[in-house]
Amino acid sequence: MSDLLNDPTIAGTCDSDEEGIQPMRLKNKTALITAAANGIGRASAERFVAEGARVFATDIDIAMLEGVTGVEAYCLDVTDSKAIHELASSLPNVDILFN
């Protein structure tokens with residue numbers, strides 16, 4: 001796999017760290033991530049923060065978001081359209097939606 005990451009025809013020729021990953025790719029970006037308390041949502045929230053994004057992490061179980069470092073946590077039931085509208089209205093412009 002590391003050979004693929006270092007192949008300029010696949011990974012590009014931009015600056016990267018020793019693993020071939022471009023650091024801080026999301027600097028100055030804002031992301032809204034739903035279901036961020038567990039699994040793929042949590043891993044994505046943590047990675048987005050590591051890449052420099054300001055992350056608004058949501059989950060129906062806000063207590064589970066307490067351990068996600070570097071995010072701004074919100075309780076959100078994504079099946080509640082009124083709650084979605086209220087949250088969206090309270091946030092700054094969002095560059096990335098991860099649902």
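This is a predicted model: local features need pLDDT of at least 70, side-chain atom pairs count only at pLDDT 80 or more; totals for chains, interfaces and linings use all residues.

Trainee: What is the strand order in the open sheet of 4 strands?

Mentor: Strands are DSSP runs of E, at least two residues, and helices are runs of H or I, at least four, numbered from the N terminus. Two strands pair if DSSP finds at least two bridges between them. The pairing here is parallel, and the order is β3-β2-β1-β4.

Trainee: Which strands stand at the edges?

Mentor: An edge strand here has a single partner, so one side of it is left without a neighbour in the sheet. That applies to β3 (71-75) and β4 (96-98).

Trainee: How many bridges join β1 to β4?

Mentor: β1 covers residues 30-33 and runs parallel to β4. L32 stands opposite L97 in β4. The number of bridges joining the two strands is 3.

Trainee: Why is the pair of F48 and F98 edge-to-face?

Mentor: Rings of Phe, Tyr and Trp (its six-membered ring) pair if their centres lie within 6.5 Å; planes under 30 degrees apart count as stacked, over 60 as edge-to-face and the rest as tilted. F48 in helix α3 (residues 39-50) and F98 in strand β4 are 50 residues apart. Their ring centres are 5.9 Å apart, and the pair is edge-to-face because the planes stand at 75°.

Trainee: Is F48 buried or exposed?

Mentor: Buried means under 20% relative accessible area, exposed over 50%, partly exposed in between (1.4 Å probe, protein chains only). F98, at 27%, counts as partly exposed. F48 has 15%, so F48 is buried.

Trainee: At what angle are the planes of F56 and Y74?

Mentor: F56 lies in strand β2 (residues 54-59) and Y74 in strand β3. Their ring centres are 6.1 Å apart. The pair is tilted, because the planes are at 50°.

Trainee: Which residues touch the most other members of the largest nonpolar core?

Mentor: A nonpolar core is a set of buried Ala, Val, Leu, Ile, Met, Phe, Trp, Tyr and Cys residues joined through side-chain atoms within 4.5 Å. This core has 13 residues, and β1, α3 and β2 each supply at least two. Those that touch the most other members are A45, F48 and V55.

Terms used:
Residues are numbered from 1 along each chain as its sequence is written. Side-chain values use heavy atoms; hydrogens and water are left out.
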